[in-house]
Amino acid sequence: MEEIISVNDQFYILASSSMADDRTRVLKHGETFGVYDRYGDIQPVGRGTQGVFHQGTRFLSRQELFLNNDRPMLLSSTVKEDNALLAVDLTNPDLYRDGRIAIPRGSVHVFRSRFLWNGVSYERFRLSNYSLAPVKMTLSIRFEADFADIFEVRGKKRERKGRMLPNVLRKDLLVLSYEGLDEVTREARIQFSPEPLEITASQATFDIELDPKGETTVAVMVACDVGDSHRPLLAYDAAMAEAGLAFGAEQTEDCTIQTSNAQFNEWWNRSVLDVRMMVTDTNEGPYPYAGVPWFSTPFGRDGVITALECLWIRPELARGVLAYLASTQAKEVNPGQDAEPGKILHETRKGEMAALNEIPFGLYYGSVDSTPLFVMLAGAYYERTADLAFIQSIWANLEAALTWMDTFGDPDRDGFVEYVRKSPTGLDNQGWKDSHDSISHEDGSLAEGPIALCEVQGYVYDAKVQASKLADALGYIDRASQLRRQARSLKERFEEAFWCEESSTYALALDGQKRPCQVKTSNAGHCLYTGIASDEHARRVAETLMSDELFSGWGVRTLADSERRYNPMSYHNGSIWPHDNAMIAVGLARYGLKSGVEKIMTGMFEVSLVLDFHRLPELFCGFVRRPGQGLTRYPVACNPQAWAAGSAFMALQACLGLSIIASEQKVVFNYPILPEFIDKMQIKNLKVGTASVDLLLRRHDLDVGITVIRRAGKVEVVSVK
């Protein structure tokens with residue numbers, strides 16, 4: 001009997017079901033990702049997020065394994081450390097024939113492995129008989145494909161849909177097809193090896209006979225085809241070898257970190273691998289897609305911040321992000337896309353609903369901060385690499401972004417960049433806290449636009465500082481002077497308009513009436529990150545951020561628990577975001593406030609200890625830390641999320657006070673600290689131009705010792721204490 005039944009097109013688990021939970025496993029490669037349960041199955045239950053997705057469409061909505069029509073028993077399940085392979089150990093339950101046990105439980109081991117490669121899901125079942133007698137059973141795999149757009153999976157209802165096409169059945173092949181309203185055909189092409197005993201439109205059945213200690217394998221390949229493209233289906237071993245070679249090539253040139261703390265090493269390595277998994281190769285270079293499952297696509301803000309987080313260990317990622325965002329920069333006014341000349345992308349989507357403009361996110365620009373962040377990243381990339389030729393190649397894009405800040409971004413010419421949506425279906429709020437209720441006044445009322453966010457003014461300030469340095473490097477001396485004057489003027493006006501003396505922090509925003517939103521938020525920490533804060537106010541902001549109102553014990557909350565809209569279970573009004581904390585840590589380090597840096601770093605590390613795979617999620621709940629208890633998870637957080645993974649790199653950079661000035665071939669440690677849980681750290685293959693260096697860091701009571709243990713090429717290591 002099936003454990004999942006359909007009632008009025010909704011799926012339910014029977015009360016007699018033995019299914020224990022909905023904890024999921026995730027794989028991703030390129031434009032394809034998969035969300036599975038711990039058995040390796042895809043089930044249309046729980047929050048309905050499981051499936052194999054490709055280019056914004058779910059190509060498999062159900063895939064389940066049965067032995068003699070019974071679900072196997074789970075022994076163990078994990079995604080390998082390199083994120084490439086889902087490995088599941090299963091065994092048979094008691095299998096009956098004519099009312100008697102024909103095969104006792106635990107007789108047959110099933111090792112299930114699956115990976116994604118170039119738009120194809122590869123899966124293999126290896127069955128081994130550990131009993132003393134021959135066994136005979138059937139292995140069945142059941143399939144469904146709903147070809148739902150990712151926004152349908154998220155819950156958006158559609159008035160009309162396309163049509164399912166006739167299934168194709170051959171001896172070893174099943175093709176499930178759908179023609180969308182966009183007139184594009186999408187196919188799940190499922191091939192089996194060996195040929196099944198029986199194949200239908202929803203199931204393939206194999207006859208398994210095993211002698212004692214006998215072994216056999218069954219392989220299933222699922223190609224996600226869009227339009228006329230048909231992906232080549234390799235044999236399982238051939239595809240695995242090809243994927244392994246590509247992965248090995250990626251690792252060769254990496255900067256690596258090894259410390260005296262094995263648990264920190266596991267968090268660090270997981271973060272490295274999660275970022276690598278989220279990166280997709282585009283025509284312009286590598287780009288970190290934001291998160292699985294909801295945001296596995298290019299986001300401007302997320303891509304820039306992830307690149308900033310990774311810059312000191314992987315600068316080529318920043319170049320890919322800059323090139324991609326330059327290529328997609330808006331060139332004209334389009335209210336339906338919230339697009340204006342010079343504006344940088346918020347997100348882009350593939351899939352049927354995007355193609356039909358049922359959602360505005362096919363190419364959407366409703367982000368007020370992506371544009372200054374783009375310029376900030378360009379400046380940081382140049383400092384890290386001295387790649388002036390590339391900066392010259394995108395200078396026109398940088399100028400267009402700067403012009404947008406002064407014109408469309410500041411329509412009332414008060415000197416502050418603000419937003420109000422133009423698209424009727426776009427985002428109400430267009431900063432990084434973009435939920436509808438994230439910008440409010442102290443009485444809890446929602447702010448009305450146009451809204452000027454405090455952190456955005458910081459981004460604009462730093463963008464102009466960075467752009468002035470780039471203009472100097474390119475020989476545009478007058479432009480550089482102009483940008484420096486604009487930055488100084490903005491910093492002065494910002495202090496006057498945003499500082500809140502009574503609450504010792506910067507206002508979250510100015511609303512459309514220029515009234516400050518005087519609530520205590522994490523946003524003010526970004527003003528430290530960018531350097532727009534005065535020294536005196538930076539110290540007071542730091543005290544506010546580290547107070548019990550905002551710091552939960554795990555990290556800095558998005559909103560203080562003393563505020564009217566505080567809700568620790570909300571998306572942006574009291575939750576904790578790793579990337580937000582990492583940026584705050586860098587801001588604190590900028591002003592020499594290292595005790596707060598260590599506090600944040602320690603909290604983030606301790607979060608990693610209580611989570612599966614040591615993987616930091618997009619966000620978690622902001623409840624106060626309770627002794628002896630773990631943190632409270634946010635139920636629909638993306639996991640993995642690129643900028644959450646990258647937060648480990650930025651937080652460590654804040655601890656070390658690390659900067660790399662490529663034009664001077666110099667690595668600088670500015671008042672470095674190591675947290676108490678790390679006594680020793682090795683940094684290997686840290687590149688500065690064509691040179692590289694290996695370093696050994698040791699923590700002392702009041703100091704960190706730094707020793708160069710290998711140097712290749714000309715590079716200077718400086719420690720400021």
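**A first look around**

Biologist: Let's start with Ser128: buried or exposed?
Modeller: This is a predicted model, and in it Ser128 is buried because its relative accessible area is 6%, where buried means under 20%.

Biologist: And which strand is Ser128 in?
Modeller: Ser128 sits in strand S13, which covers residues 120-129.

Biologist: What does the side chain of Ser128 make a polar contact with?
Modeller: With the side chain of Glu215, at 3.2 Å. Leaving aside residues up to four places away in sequence, Ser128 also touches others, including His109 and Leu210.

Biologist: Switching to helices, at what angle do H3 and H17 cross?
Modeller: Roughly 130°, and the axes of H3 (residues 262-278) and H17 (residues 647-656) come within 9 Å. So H3 is oblique to H17.

Biologist: Which residues make that contact?
Modeller: H3 brings Trp267, Trp268, Ser271, Val272 and Val275, while H17 brings Ala648, Phe649 and Leu652. Seven of these are nonpolar, one is polar and none are charged.

Biologist: Nice. Now sheets: in what order do the strands of the open sheet with S21 run?
Modeller: There are four, ordered S21-S32-S33-S34, with antiparallel pairing. The edges are S21 (256-259) and S34 (704-712), each pairing on one side only. From one strand to the next, the twist averages 15°.

Biologist: How many bridges link S33 and S34?
Modeller: Eight, in the antiparallel sense, with S33 spanning residues 691-699.

Biologist: And which residue of S34 stands opposite Leu697?
Modeller: That's Ile706.

Technical notes:
Residues numbered from 1 in each chain as written. Predicted model: local features only at pLDDT ≥ 70, side-chain atom pairs only at ≥ 80, totals over all residues. Heavy atoms only, no water. Axes fitted to C-alpha atoms, helices over the stretch in contact; angles between N-to-C directions. Helix = DSSP H or I, 4+ residues; strand = E, 2+ residues; numbered from the N terminus. Parallel < 35°, antiparallel > 145°, perpendicular 65-115°, else oblique. Contact = heavy atoms within 4.5 Å. Nonpolar A, V, L, I, M, F, W, Y, C, P; charged D, E, K, R; others polar. Buried < 20%, exposed > 50% of the residue type's maximum accessible area, 1.4 Å probe, protein only. Polar contact = N/O pair within 3.5 Å; in protein donor to acceptor, adjacent residues only side chain to side chain. Pairing = 2+ DSSP bridges.
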